[in-house]
Amino acid sequence: HIINSSLKHKYEEKQGGLGKILEAIEREIILGTLKECKYNKSETSKKLNIPRATLYRKMEEYGLDMNL
């Protein structure tokens, strides 16, 4: 499976279905990439191939600390 069972279970609880699961995956990818890039948002956005403004928006949307 692409989605590990604990991640899937965590977001199925919220009854959000596929949309919530995809959001959980996106959140984990962003968080993992931030860690990998030592929380450098410019480097993270380049690695994810998204504009920095999109990264900031998604960080806010997913409740990730903007001051990382």
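Analyst: Lysine 38 is exposed, with a relative accessible area of 72%. Here exposed means over 50% relative accessible area, buried means under 20%, and partly exposed lies in between, using a 1.4 Å probe and protein chains only. The model is predicted, so local features need pLDDT of at least 70 and side-chain atom pairs count only at pLDDT 80 or more, while totals for chains, interfaces and linings use all residues. Residues are numbered from 1 along each chain as its sequence is written, and side-chain values use heavy atoms, with hydrogens and water left out.

Lysine 38 sits in the loop between H2 and H3. Helices are DSSP runs (H or I, at least four residues), strands are E runs of at least two, and both are numbered from the N terminus. The phi of lysine 38 is positive, near 55°, and the residue is not glycine. Tyrosine 39 lies in the loop between H2 and H3. Its phi is also positive, about 65°, although tyrosine 39 is not a glycine. Most residues other than glycine have a negative phi. Tyrosine 39 counts as partly exposed, at 30% relative accessibility.

Now the surroundings. The chain has four helices and zero strands. Its pattern along the sequence is α-α-α-α. Of its 68 residues, 28% count as buried.

Threonine 44 counts as buried, at 0% relative accessibility. Leaving aside neighbours within four places in sequence, threonine 44 is in contact with Thr33, Leu34, Cys37 and Leu55. Contact means heavy atoms within 4.5 Å.

By class, the contact of H3 with H4 has four nonpolar, three polar and two charged residues. Nonpolar covers Ala, Val, Leu, Ile, Met, Phe, Trp, Tyr, Cys and Pro; charged covers Asp, Glu, Lys and Arg; the others, Gly among them, are polar.

Glu26, Ile30 and Leu34 of H2 meet Leu55, Lys58 and Met59 of H4. The contact of H2 with H4 has four nonpolar, no polar and two charged residues.

Last, the core. In soluble globular proteins, nonpolar side chains tend to be buried together. The largest nonpolar core has seven residues: Ile30, Leu31, Leu34, Leu55, Met59, Tyr62 and Leu64. A nonpolar core is a set of buried Ala, Val, Leu, Ile, Met, Phe, Trp, Tyr and Cys residues joined through side-chain atoms within 4.5 Å. H2 and H4 each supply at least two residues of this core. H2 gives the most, with three. Isoleucine 30 touches Leu48, Leu55, Lys58, Met59, Tyr62 and Leu64, not counting residues up to four places away in sequence.
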